[in-house]
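Hi everyone, thanks for coming. I'd like to walk you through a structure that may be new to you, so please have a look at it with me.

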Amino acid sequence: MGVPSDLRGAVMSGLAQGIRPVDRLRRWYGEGPLQLLVLLASFALAGYAGVRLLDGDWLLIAVWFAGAALVHDLLFVPAYALADRALRTAAGRLERREWINFVRVPAFLSGLLFLVWFPLVTRQVEGYESSTGLPAGVFLTRWLVVTGVLFAGAALCRVLQVRRARRSARKQRPPVDH
């Protein structure tokens, strides 16, 4: 089975015009071949994990996923929207909106960590210490420390951004002749 003549003709005419196959793929797909390869590999890995996960009680897992999607869409998305609106309102009053993402990103990461480690942070796991050797009381402190580090890192990034902007503004000013 050979390559169809119209495809072969298109490839050959593209090569004659100086268009490489990678450029043709990029024009058709929108990204390079490495990104497509990584995407296909991640789909294969997710499919494998899904098959392994659904090997047991697939009905209960499907109900759990549907419930998680509903809880997210009906509870968490309105909460995100309200928090973001309050943040934008506060920034609008200050007439400074450049710092919003420096609050959003660490708050999001801290919330995600809290969501993932919720049972441990709130000490709702029994017998955790006997299986890992870690006391159950350290997780709240560690989560608070990580949250503080995230916000401190965001504040440091904002300070560096402001300093860099001021430095570049000074360089772009024309010299003043008296």
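Let's begin at Pro33, which is found in helix H3, residues 33-53. Helices here are DSSP runs of H or I with at least four residues, strands are runs of E with at least two, and both are numbered from the N terminus. Before going on, a word on where this comes from: it is a predicted model, in which local features need pLDDT of at least 70 and side-chain atom pairs count only at pLDDT 80 or more, while totals for chains, interfaces and linings use all residues. Residues are numbered from 1 along each chain as its sequence is written, and side-chain values use heavy atoms, with hydrogens and water left out.

Back to Pro33. At 38% relative accessibility, Pro33 counts as partly exposed; buried means under 20% relative accessible area, exposed means over 50%, and partly exposed is in between, with a 1.4 Å probe and protein chains only. Pro33 touches Val22 and Leu25, leaving aside residues up to four places away in sequence, where contact means heavy atoms within 4.5 Å. The C-alpha atoms of Pro33 and Asp23 are separated by 9.6 Å, and the two residues are ten apart along the chain.

Now to the charged side chains. How many salt bridges does the structure hold? There are two, a salt bridge being a side-chain nitrogen of Lys or Arg within 4 Å of a carboxyl oxygen of Asp or Glu. In one, the side chains of Asp84 and Arg88 meet at 3.2 Å, N to O. Both residues lie in helix H4, residues 58-94, four residues apart, or about one turn of the helix. Asp84 also forms a salt bridge with Arg104, with the closest N and O atoms 2.7 Å apart. Asp84 lies in helix H4 and Arg104 in helix H5, residues 101-116, so this pair ties together parts that are 20 residues apart in sequence. Through shared partners, Asp84, Arg88 and Arg104 are joined into one network. Arg88 is partly exposed, with a relative accessible area of 32%, and Arg104 is partly exposed, with a relative accessible area of 32%.

Please keep Arg104 in view for the next part. The largest pocket has a volume of about 440 Å³. To find pockets, a 1 Å grid is laid over the protein atoms alone: a pocket is an open set of points with protein on both sides within 12 Å along at least five of seven lines, and lining residues have an atom within 4 Å of a point. Grid points are joined across faces, edges and corners, and the volume is the space filled by probe spheres set on the points. Which residues lie nearest the centre of the largest pocket? Of its 14 lining residues, those are Tyr80, Arg104, Ala107, Phe108 and Gly111. H4 and H5 are the elements that give two or more residues to this lining.

Staying in helix H5, we come to Ser110. Is Ser110 buried or exposed? At 5% relative accessibility, Ser110 counts as buried. Ser110 touches Trp143, Thr147 and Leu150, again not counting residues up to four places away in sequence. Thr147 is one of the buried residues in H8, along with Phe139, Ala154 and Arg158.

Finally, look at Arg123, in the loop between helix H6 (118-121) and helix H7 (128-132). Phi of Arg123 is near 60°, a positive value in a residue other than glycine. At 52% relative accessibility, Arg123 counts as exposed.

Key:
1 Å grid on protein atoms, 1.4 Å probe; cavity = no way out; pocket = protein on both sides within 12 Å on 5 of 7 lines; lining within 4 Å.
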